[in-house]
Amino acid sequence: TDEVAEAVAAAQGAMGGWQAQDVSARQSSLSAWADGLQGYAEHFAKLVTQETGMAESAAQAEVAQAVAALKGDDQIEAEGCQALVWDDSLSLAGVVGQMAPLLRSGATLVLKPSPRMPGSAYALVELSGRVGLPAGIVNLVQGDEAAVSALCAHEGVSRLVFVGRPELGNRVGAMAAKEQKPFTLRA
């Protein structure tokens with residue numbers, strides 16, 4: 001609960017400045033992140049291989065797709081602090097593909113990856129700071145159901161988005177409904 005509160009506070013603190021930028025300025029930050037990811041492509045491919053068992057060539061393709069998602073131009077209408085939760089069925093490219101449109105729209109994020117795949121999410125958030133993405137735009141919490149419950153209960157989270165297997169998504173959705181938290185399930 002304390003980690004979630006800290007992450008949400010950071011996201012809320014960064015929100016005004018991030019939303020005040022126009023889309024091209026936000027995209028410039030995302031492009032810098034993409035360039036950084038490309039620079040560490042081999043490192044990220046190894047992380048993906050270790051976490052998923054994916055073949056090296058497939059992991060390299062994942063990184064390339066994540067770079068492309070950060071350099072893309074799609075947006076999702078979103079505002080405020082969005083919590084993005086995913087299970088171990090979502091790949092690096094899938095995570096970045098979900099994050100980038102939200103960030104382009106001006107939302108700030110709290111990410112909660114699968115406990116089975118924490119390394120690539122941690123490295124991705126660490127890289128965001130190294131390439132100059134403003135502090136608090138992308139935040140990370142680790143954990144299991146308790147972390148998801150804390151995100152659902154925190155009033156500073158505008159929406160909880162779950163990406164992954166529908167059966168787990170339905171459980172997360174029930175937790176969100178209990179707290180009357182707006183919820184989106186993406187399979």
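Leaving aside neighbours within four places in sequence, Gln19 is in contact with Arg26, Glu79, Gly80 and Gly106. Contact here means heavy atoms within 4.5 Å. Gln19 lies in helix H1, which covers residues 2-20. Its C-alpha atom is separated by 8.7 Å from that of Thr108, a residue 89 residues away along the chain. Gln19 counts as partly exposed because its relative accessibility is 36%. On this scale, buried is under 20% relative accessible area, exposed is over 50%, and partly exposed is in between, with a 1.4 Å probe and protein chains only.

The model is predicted: local features need pLDDT of at least 70, side-chain atom pairs count only at pLDDT 80 or more, and totals for chains, interfaces and linings use all residues. Residues are numbered from 1 along each chain as its sequence is written, and side-chain values use heavy atoms, with hydrogens and water left out.

The protein contains 8 helices and 5 strands. Both are DSSP runs numbered from the N terminus: helices are H or I with at least four residues, strands are E with at least two. Along the sequence the order is α-α-α-α-β-α-β-α-β-α-β-α-β. The C-alpha atoms fill a box of roughly 40 × 40 × 25 Å along the principal axes.

Buried residues make up 50% of the 187 residues. Among contacts with a separation of 6 or more, 80% join residues 24 or more positions apart. The accessible surface comes to about 8400 Å², and carbon and sulfur atoms hold 49% of it. Areas follow the Shrake-Rupley method with a 1.4 Å probe; for residues, only the protein chains shown count as cover.

Pockets and cavities were located on a 1 Å grid over the protein atoms alone. A cavity is a set of points where a 1.4 Å probe fits but cannot get out; a pocket is an open set with protein on both sides within 12 Å along at least five of seven lines. Lining residues have an atom within 4 Å of a point. Points are joined across faces, edges and corners, and a volume is the space filled by probe spheres set on them.

The largest pocket has a volume of about 280 Å³. Of its 17 lining residues, Lys112, Pro115, Glu145, Leu168 and Arg171 are the closest to its centre. Strand E1 (81-86), helix H7 (145-153) and helix H8 (166-178) each supply at least two lining residues. H8 gives the most, with 4 residues. By class, the pocket lining has 8 nonpolar, 1 polar and 8 charged residues. Nonpolar covers Ala, Val, Leu, Ile, Met, Phe, Trp, Tyr, Cys and Pro; charged covers Asp, Glu, Lys and Arg; the others, Gly among them, are polar.

The whole structure holds 1 cavity of 30 Å³ or more. The largest cavity has a volume of about 60 Å³. Its lining includes Trp86, Leu90, Met117 and Ser120. Helix H5 (92-104) and helix H6 (118-130) give two or more residues each. H6 provides the largest share, 3 residues. The cavity lining has 7 nonpolar, 2 polar and no charged residues.

Gln180 sits in the loop between H8 and strand E5 (183-186). Gln180 has a positive phi of about 55°, although it is not a glycine. At 74% relative accessibility, Gln180 counts as exposed.
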